[in-house]
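Colleague: I am new to this structure. Could you take me through one part closely, the pockets?

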Amino acid sequence: MTAPTRRLDFDGVLFFPVTPFDADGRVDLDVLGEHLETRLPFGPGGVFPACGTGEFHALSAREAVDVVRTSVDVVAGRVPVIAGAGGPLGHAIELARGAAEAGADGLLLLPPYLVSGTTDGLVAWVEAVAAASDLPVIVYHRGTARYTADAVTRLAANPKVVGFKDGTGDIGLAQEIVLAAEAAGRDDWAFFNGLLTAELSQGAYRGIGIPLYSSAAFAMIPELATMHYRAYADGDETTRMSLLREFYTPLVRLRDETPGFGVSLIKAGLRLRGLPVGSVRPPLVDPTPEQERRLAAILDCGLALVELGGTRPAASACPSTALADAAGAASR
């Protein structure tokens, strides 16, 4: 097994861009370029095109490769570009080869389509995709891809497998996996939290040796997502907790109202902020007008927090603050 040509080092919040669609539902690469260019000045640690937030599930192989190629061209080596791959084995191999040809720096290997197998089968699936290109591979633990400590020990013997992203929220198992990779002597592995709105759970993940996290919010409001990352990296818990309380918790409550809103709200937020990224593709659905109004209020709160350096805004600026103040007044 040939080692990848480059070690993946991430320093900053991990940026998962959306995939814009035009009025006819086609991928809009020009808007994608604008989306990327306007976020890069905020210093993401890596760009992950055509992954979960980028509606990987709804893209053809050709569309996904086009998205990756455009991302590579725009990023121009400033940070690593990690392309999504996964699904049926043949599709995953095609995407891996296409991403390599497009100039990507690595792959995020999303779960197999529909079926799940034994540990032997999952390890063989990863190695088959890894063998399709010279790109390093990060495995994504969720859905039909359920990795065990034993699976990670075996995958650690493959120098092309260089990371693990957790999307299940099983902290105990994630801790076992971190320890298994360390025991295998892999000090080059990248570990990151891939739960929805990962900022809300990252404090726990840091405690078990998973220091990185993906941020869909960075695509929508990079000003605040970067502020959170800096507070997290600097140990500024006062600011971090303020951002979690005033912005991320209301966002998560809205997100949890409708399946798929982990993507739909991000695209809606981008539209609200003036970037015409279009709608989501089925089976996802867009927010209702009333939900978009609440999202707009949450974004206003986030921008107010940025202006105030993370301190608590006036009650009128943040829905969560207004509710808390109303509840306090009622109790007095």
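Modeller: Helices (H or I, at least four residues) and strands (E, at least two) are DSSP runs, numbered from the N terminus. The model is predicted, so local features need pLDDT of at least 70 and side-chain atom pairs 80 or more, while totals for chains, interfaces and linings use all residues. Numbering starts from 1 along each chain as its sequence is written, and side-chain values use heavy atoms, without hydrogens and water.

Two or more lining residues come from each of β8 (212–215), α10 (237–255) and α11 (261–272). Helix α11 gives the most, with 5 residues. By type, the lining of the largest pocket holds 23 nonpolar, 14 polar and 4 charged residues.

Now the second largest pocket. Its lining numbers 15 residues. Asp187, Asp188, Trp189, Ala190 and Phe191 lie closest to the centre. Helix α6 (171–183) and strand β7 (190–193) each give two or more residues to this lining. The lining of the second largest pocket divides into 8 nonpolar, 1 polar and 6 charged residues.

Note on methods
Nonpolar A, V, L, I, M, F, W, Y, C, P; charged D, E, K, R; others polar. 1 Å grid on protein atoms, 1.4 Å probe; cavity = no way out; pocket = protein on both sides within 12 Å on 5 of 7 lines; lining within 4 Å.
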